[in-house]
Amino acid sequence: MKTRKLVEGAIIAAIYAVFLVINLYTAGVLEYMIYLVMPIPFVVYGYKYGWKYNLMLVFTTSVITIFVSLPTTLIYMITANAVGLAIGHGLNKGWSTRNIFLAIIVICGIFNILTMTIFSALFDIDLLRDAKEIYNLCSELLASINININVSLDQIVTLMIPISILTILMESYFMMFVSLLFANRIGLKVTMKFNIFYLRLPKWVAFIAILCIIYAPFTQMDLSITSILFQFVYYSGLIALIVEGIIAISFVSIVKGHRWLPMLVAITAFIPFVNYFHCICGIIDIFSDFRTKLLYNNRTY
């Protein structure tokens, strides 16, 4: 049995190395697509053999990545390895889909923060410097054709933060969905089905989000790392509450037979001030659990 574990791990590591070599010869064109599906082998291996053997495999593939990849690929692959380790361990231990999904979001968020701080320093990548250069280049280009930019760099960076958070949410959902789908397709006894309408955030997330929303008006927003990190946490909490509110309203509308309403609710979340209504609904849902009460009150026996 131990030999089989080692052999399967070696096969996964070899396939992993082949993908990295192909990506290297294509100048990193495939790295993002590989990043989204790379957790799958670690999910399967971790589910079958536990987190200890999976951690050894993750360490081995991470070392391979250091020697056979570009710096950006290294960041992507280490994140994918950590996500695969978390999903595999969660499925092996019977975690709820909510906890696994939150673990993926936290891992992706941490690695995004590390990319802006530690990794950027190691690889001499200054995101703010690059953003300023791109901003100045675009300003000069538009000025040459008599078009003035009325948006400051601070506003652009502030806008990029919620876009980055939404990207993390979509990546996390996709990796979760693909991993569970693949695990079921190959015959693993994974009975967990991921349905976002049953997702409910824990109360401590709501507390942190509410504190950040209250504290935000008294904070000076600029391009410092501290300010950007606070904005990252602030928008993460705000978007989490808005998503919770959208899920709650959509769930109620489906239970009441209004199946067209969820799409409208999702669209209105992008309207200023209206999204705060979704945020309030999310807070109410987290602390009252009215979705569960509504579901059981409408169930017929």
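## Exercises on an all-helix chain

A search of the whole structure finds 2 salt bridges, a salt bridge being a side-chain nitrogen of Lys or Arg within 4 Å of a carboxyl oxygen of Asp or Glu. This is a predicted model, where local features need pLDDT of at least 70 and side-chain atom pairs count only at pLDDT 80 or more, while totals for chains, interfaces and linings use all residues. Residues are numbered from 1 along each chain as its sequence is written, and side-chain values use heavy atoms, with hydrogens and water left out.

### Exercise 1: the overall make-up

Describe the secondary structure and the surface of the chain.

Step 1. The chain has 13 helices and 0 strands. Helices (H or I, at least four residues) and strands (E, at least two) are DSSP runs, numbered from the N terminus.

Step 2. Of the 301 residues, 41% are buried. Buried means under 20% relative accessible area, exposed means over 50%, and partly exposed lies in between (1.4 Å probe, protein chains only).

Step 3. Accessible areas come from the Shrake-Rupley method with a 1.4 Å probe; for residues, only the protein chains shown count as cover.

Step 4. Take the contacts between residues at least 6 apart in sequence: 74% of them join residues at least 24 apart. Contact means heavy atoms within 4.5 Å.

### Exercise 2: the salt bridges

Step 1. Start with Arg-4, which forms a salt bridge with Glu-8; their closest N and O atoms are 3.0 Å apart. Both residues lie in helix 1, 4 residues apart, about one turn of the helix. Arg-4 counts as exposed because its relative accessible area is 52%.

Step 2. Now turn to Lys-48, whose salt bridge with Glu-8 has its closest N and O atoms 3.3 Å apart. This pair links distant parts of the chain, with Lys-48 in helix 3 (residues 39-49) and Glu-8 in helix 1, 40 residues apart. Lys-48 has a relative accessible area of 36%, so it is partly exposed.

### Exercise 3: a nonpolar patch

Which residues make the nonpolar surface patch of about 340 Å²?

Step 1. The patch is made by Val-7, Ile-11, Ile-15 and Phe-19. Patches are made of residues with over 30% relative accessible area and no salt bridge; like charges are joined within 9 Å, and nonpolar side chains (Val, Leu, Ile, Met, Phe, Trp, Tyr) within 5 Å.

Step 2. Check two members. Phe-19 lies in helix 1 (residues 2-25) and is partly exposed because its relative accessibility is 39%. Ile-15 lies in helix 1, and at 44% relative accessibility it counts as partly exposed.

Step 3. Look across from Ile-15 to Pro-41: the two are 26 residues apart in sequence and 9.8 Å apart in space, C-alpha to C-alpha.

### Exercise 4: Thr-61

Is Thr-61 buried or exposed, and which residues does Thr-61 touch?

Step 1. Locate Thr-61 in helix 4 (residues 51-67). Thr-61 counts as buried because its relative accessibility is 0%.

Step 2. Not counting residues up to four places away in sequence, Thr-61 touches Ala-13, Tyr-16, Phe-42 and Asn-81.

Step 3. The side chains of Thr-61 and Asn-81 are joined by a polar contact of 3.3 Å. A polar contact is a pair of N or O atoms within 3.5 Å; within protein, one must be able to donate a hydrogen and the other to accept it, and residues adjacent in sequence count only if both atoms are side-chain atoms.
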